[in-house]
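Student: I've got the coordinates open. Can you walk me through how to read the overall shape and the packing?

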Amino acid sequence: MTATEIRPTTDALLKTEAPKKPANMGQILRWTLLFLGGVAMVMPIAYMISTSLKWPHEVYNLKLIPDEPHLENYTYVLEDGRFYWWFVNSMIIAVITTICNVIFDSLVGYTLCKFRFPGRYIVFIAILSTLMIPTEMLVIPWYLMSQQFGWLDTYWGIMFPGLMTAFGTFLMKQFFETVPDDFIEAARIDGLNELQIWWTVAMPLVKPALAALAIFVFLGNWTAFIWPLIVTNSVEMYTLPVGLSSFGDEADVAWELIMTGAAISTIPTLIVFLIFQRYIIQGVVMAGLKG
Amino acid sequence: MYRNLTIRQKQIVWAWAFLAIPILFYSVIRFYPTGNAILISFQDWNLLGDRTWTGLDNYQKLFADPVFWKVFKNTFVYLLIGTPVSLLISFVIAYHLDQVRFMHGFLRTLYFLPFMTSAVAMAWVWRWFYQPVPVGLFNNALASIGIPQFPFLQSTTWALPSVLAPAGWAGLGFQVIIFMAGLRAIPRSYYEAARIDGVSWWTVLWEITLPLLKPTIVFIVVFSSIGFLRIFDHVFNMTTNNPGGPLNSTKPLVLMIYETAFSAFDMGYAAAQTVVLFLVLLVVSLIQLRILRDS
């Protein structure tokens, strides 16, 4: 499918143009079942948050609304600083990786889309072929590399594998197809150099795609587990998922504290979702249909 | 010198200038490690001692290892339960959600929200749900209506589906959204024509909707299969006291790789396992594409 065909689809998905029909029993039943299913879907999240607000004596009852909600669990968990470091580590890593991906994936995508040069096709196929290689196959060589260069247990060590992605490059290449060549020609005649054209002319025209890419990369790195687990070994360098995993595994940790840690690592992405919902769902559709 | 170049030559210079850092990155961080992993799979190496060539020894050892076959089977059970079940559920939800107008956006949000969670966090939440009485939510709920407790993560039979459930749950919203986009892309005129002809909804579903959804179905099947074959975060976090347990009944290939490489430090053996994982992913994807595209 080409990009121009996609646009109306993604827009149509978000519109709720209603063919007006009177509600009948079937539709009411359908709505009710979908609603109950949806409520069941968010139950684990609801119980996680509710339990993080409970006192120990009411953790094991089935009530969703705590009798006396309080934030003691959060102060307790954040007090010794570990969750605070982990949060900061995850944030730094996810933000830097996201910026890197937005810049490099779009630069490569733009080059492969808008320039004609010998070797273009080979570079494209080579980058695309890396999509077939699972991360798990690369972790051993990455680990050896990190060991050799002293990258173990550093931010750089956690970040380096994800600084560019073939998926992002491919996504951006597809989107630059929608930028008319005339715009680029016009900018060239105006005397802009190629770097300026990419940054000031082409990039602003693909902002929705950049937003989608940024959200995916951020979410992916925020929740990444296996590589940070391998490459970190001191508690201060853990990311939130690795930290939460080790915290939960400690003997005698109360479940309400684990739920609090889980909530700390989940609530930021839920907030991002509720704010940027429209972009995210549009992004999922764009990425899904193009990827 | 640059000034004397033609426009076309200037473009070539810019293109390679733009690609220089990325090409370096992909060579060093993707291609070299891929080759290196394959190379290490033919060596015996425990990180400290010497690397010695052993030919196919790692592979022979792997295929003779009963744990590997257990793990191999588990990996496919994740795939063979996870993919069809999540495909069916997400299609049913998308099909009906597509026809609902009242609070459509709100319902969609409910289904999509789990996709935005962290797998590790949710694995711990579900692990708590699965605990025996008086701790676990599910068993407490069963107890409150008088049903005896259920050994979710303790049982060798039920532990695997119990671990699979949160993985499927988290990906469901994504699949629903993709399905709905696919459904919206089907031209209305087909349905109009069917309605004029008085065709039943069941026939419409099988003769119009599903055939036209094929590209969407292919994408979801391949994408979710890759996810289930690579399952790790949920298994690791729900069974940290005995990773992959009880009795290896939940252990997938990626967890075996992790343990071989980073608990036993048997790098050559682990590398051979990653090569097998790569081949499994490749073969499964190709078979699925072939079957689904042709039929």
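Tutor: Start with the radius of gyration, taken over C-alpha atoms, against a globule rule of 2.2 Å times the number of residues to the power 0.38. For 295 residues a compact globule would come out near 19 Å, but chain B has 25 Å. This is a predicted model: local features need pLDDT of at least 70, side-chain atom pairs count only at pLDDT 80 or more, and totals for chains, interfaces and linings use all residues. Residues are numbered from 1 along each chain as its sequence is written, with chains lettered from A and ligands numbered from 1 in the order in which they are written.

Student: How is chain B divided into domains?

Tutor: Domain bounds come from an automatic or database domain assignment. Here, domain 1 covers 1-40 and domain 2 covers 56-294, and their C-alpha centres lie 38 Å apart.

Student: Which residues have the most contacts inside the largest nonpolar core?

Tutor: In soluble globular proteins, nonpolar side chains tend to be buried together. A nonpolar core is a set of buried Ala, Val, Leu, Ile, Met, Phe, Trp, Tyr and Cys residues joined through C-beta atoms within 7 Å; buried means 20 or more other C-beta atoms within 10 Å, exposed 12 or fewer, partly exposed in between, with C-beta atoms placed from the backbone. The largest one has 158 residues, and Val125(B) and Ile177(B) have the most contacts inside it.
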